[in-house]
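Subject: Structure handover

Hello,

Here is the structure I said I would pass on. Please look it over first; my notes follow below.

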Amino acid sequence: DTLEVGGETTLQSTLLVDGAATIGADGVGANLLVRGTTGELAWTAASDTLAVDAASVAINSPSVTISAPAAGVAVTGSTTITGATSVVGATQLTGALTVGVDDQGHDVRLFGATSGSALFWDASANSLALTGTLAHTG
């Protein structure tokens, strides 16, 4: 069975959908707004944009893939990533890069283009090791 609703409709109770739900028509789309106590999730069909205005966003999945156009993904504000993270491709950091905090450092390894060439900061030994050629100019 199909229920079609045209125009604005207000539900004053719980809506349970047991099966597929389609909002909008293929190639036309429709806006969707979901409101919480203080935040909201908004899909804007004209720009194919999903906006989340919330105190926090939790994604509870063992694997998350974000596919973005050539312009990439922009993250603004303070961001915390917990756990092992791999970044594939060129990465640019603009601003200071801090690894660890005072008295709780972490190992850092930078690899060269030649096999076996690397710069390694060993936090537990408080030592810097260079494997390869050191060139100094100036």
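Does Val-99 count as buried, partly exposed or exposed, and at what relative accessibility? Please keep in mind that this is a predicted model. Val-99 has a relative accessibility of 41%. Exposed would require over 50% and buried under 20%, so a residue in between is partly exposed, and Val-99 therefore counts as partly exposed.

As for its place, Val-99 lies in the loop that runs between β3 and β4 (108-111). Once neighbours within four places in sequence are set aside, Val-99 is in contact with His-106 and Val-108. From Val-34, Val-99 is 65 residues away in sequence, and the C-alpha to C-alpha distance between the two is 38 Å.

The sheet comes next. Three strands form an open sheet in the order β1-β2-β3, and the pairing is antiparallel. β1 (32-35) and β3 (49-53) each have a single partner strand, so they stand at the edges and one side of each has no neighbour in the sheet. From one strand to the next, the twist averages 5 degrees. Between β2 (residues 40-44) and β3 there are five bridges, in the antiparallel sense. Opposite Glu-40 stands Asp-53 in β3.

Thr-38 sits in the loop between β1 and β2. Its relative accessibility is 75%, so Thr-38 counts as exposed. Thr-38 and Ala-55 are 17 residues apart along the chain, and 8.2 Å separates their C-alpha atoms.

Regards

Notes: Residues are numbered from 1 along each chain as its sequence is written. This is a predicted model: local features need pLDDT of at least 70, side-chain atom pairs count only at pLDDT 80 or more; totals for chains, interfaces and linings use all residues. Side-chain values use heavy atoms; hydrogens and water are left out. Two strands pair if DSSP finds at least two bridges between them. Helices (H or I, at least four residues) and strands (E, at least two) are DSSP runs, numbered from the N terminus. Axes are lines fitted to C-alpha atoms, for helices over the stretch in contact, and angles run from 0 to 180 degrees between N-to-C directions. Buried means under 20% relative accessible area, exposed over 50%, partly exposed in between (1.4 Å probe, protein chains only). Contact means heavy atoms within 4.5 Å.
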